[in-house]
Amino acid sequence: MARKGAVSLENLVALGVERLAVLLIDAAADDPSLRKRLVLAVAEGGGPKALIKAIDRRLAAIAGARGFVTWEKTRAYAGELDGLRDSISGALAATEPAEAAPRLAAFIRLASKVMGRVEGSPERFADIFRAAVADLGAVWSRLPHRNPAALAAEALDLLVADEDEICSGLAAAAAPALGEIGLAALGTGLRTAMGDASADSRGAAASWRAQRLRRVLGEIADVSGDVDAFIALETEGGGYVDVLAIAERLLDAGRAEEALAWLDRPAKPQRLRVMTYADLVDRRPGERRVRLDWDREDLRIRALEALGRPKEAQAARWSLFEQDLDPRLLRDYLRPLPDFEDDEVLRRAFAVALAHPSIATTLAFLIAWPELTLAADLVMKRAGQLDGGLYYILVPAAEALADRQPHAAVVLYRRMIDDVLERGASRAYSHAASHLAASAALADRVDWTRFRLQRHDDYVAALRRAHGRKTAFWALVTA
């Protein structure tokens, strides 16, 4: 049962239709986006002709709009656009898919114009148009007498004009409607468009367009289940080859031997390096760590398992774990072991973790496992080596330790507080104040003498002596 006075579905239904209608009309008077959504909602109740008229009016208005949408209005505008998309792909497509399809295509063609008019990141709007692309494929599949060649031409037109890469995924979404004939026609059209792009222009623009269209050809190969066609696409031209994408598709196709051969080729510089677990937990300025291509190694392990070479797969897992302490790898390593071997492997794993050169990586592993007693011991013995700026490790660690190891949690909170105040990081004062409050809440549960820690009141007094002039921080503490 909804709480009395809460704005919930149950309580709003209880207001009655007339009361809700009055409230909506009042709200729409000051909210143009809401008013436009209400117009579409009313049109849906008037039948397909009324809805088509309302949709066409909105599409024309959006196409002709020139004003800039400030960030304060982007949320409402995004809601309006998504409502329009939903009216086309939902209410209209349910009864008139042949009318909905061209209107969805027209909506998608507005993407570049819309995203050029909104302030800030356009990703919220890109997601709306990508949803419309998926909707278009579904609506095409509902057309009773569809022409695959004509649909392929329509898809090609959208893809060639797609400078913002909104239509990635269109080939997959439209595959059921296109069928083998339509997909082949689309592939031929894409090849021609790639050639035209190269002939019309040179340099980065032509290369980028060719790459974009090539990715769609790869999408068609995936939809068709043609791994060899995907490999041919990746290897033609002598440029960058996505070895990992090739290996993953070969593995999915049950061709593990070929996948492993690709993965064992000498690695070339990649366009985007895959981050390791240690990268995520330990980013010290100026420190350069050994980088592992996690995706490549994961695929190698999959290939070895598929080829019935479990010992090699286990050796690869352990080697990776020793370097980056990823708990997922250790769990995968333990899974096939007999029960009686688990304890010995865990002892080895914890010894490896405690000997790791990065205390932050070790702490993150022990908290994630979890092994809180060892984590607390680590904090108490090596607290001075902890970078207080690694809040994304220290905060969850302190929270995990607070219940059973409050002394270690207090040490972690103090490391973060000291770091913020010593750097004079005023934007983080509120966080430091909250850490101080968390420490105060744990104070009565800490045996200060046993752990040779400065008592909470004494610590606060020392902070005031050292940082008393940071009044913005102390104002938050006393508030």
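A residue counts as buried when its relative accessible area is under 20%. Keep that cut-off handy as you tour this predicted model.

**Stop 1: the whole chain.** Colour by pLDDT to start. The chain averages 87, and 84% of the residues score at least 70. Now select residues 269–278, where pLDDT stays under 50, and then residues 282–292, where pLDDT also stays under 50. Where pLDDT is low, the predicted coordinates should not be read in detail.

**Stop 2: Arg317 and Glu305.** Show these two side chains, which meet in a salt bridge at 3.1 Å, N to O. The pair joins distant parts of the chain, with Arg317 in helix α17 (residues 310–324) and Glu305 in helix α16, twelve residues apart. Is Arg317 buried or exposed? Arg317 has a relative accessible area of 10%, so it is buried. Glu305, at 34%, is partly exposed.

**Stop 3: Asp264 and Arg300.** Stay with helix α16 (residues 294–306) and pick Arg300; its partner Asp264 lies in the loop between α14 (256–263) and α15 (277–281), 36 residues apart from it. Asp264 is partly exposed, with 45% relative accessibility.

**Stop 4: Arg255 and Glu258.** Here the closest N and O atoms of a salt bridge are 2.8 Å apart. Arg255 is partly exposed at 23%, and Glu258 is partly exposed at 36%.

**Stop 5: a network.** Select Asp56, Glu99 and Arg103 together to see a network of salt bridges. The whole structure has 25 salt bridges.

**Last stop: helix α20.** Select residues 359–368, a helix in which nine of the ten residues are buried. Among them are Ile359, Leu363 and Phe365.

Key
Residues numbered from 1 in each chain as written. Predicted model: local features only at pLDDT ≥ 70, side-chain atom pairs only at ≥ 80, totals over all residues. Heavy atoms only, no water. Buried < 20%, exposed > 50% of the residue type's maximum accessible area, 1.4 Å probe, protein only. Helix = DSSP H or I, 4+ residues; strand = E, 2+ residues; numbered from the N terminus. pLDDT = per-residue confidence, 0-100. Contact = heavy atoms within 4.5 Å. Salt bridge = Lys/Arg side-chain N within 4 Å of Asp/Glu carboxyl O.
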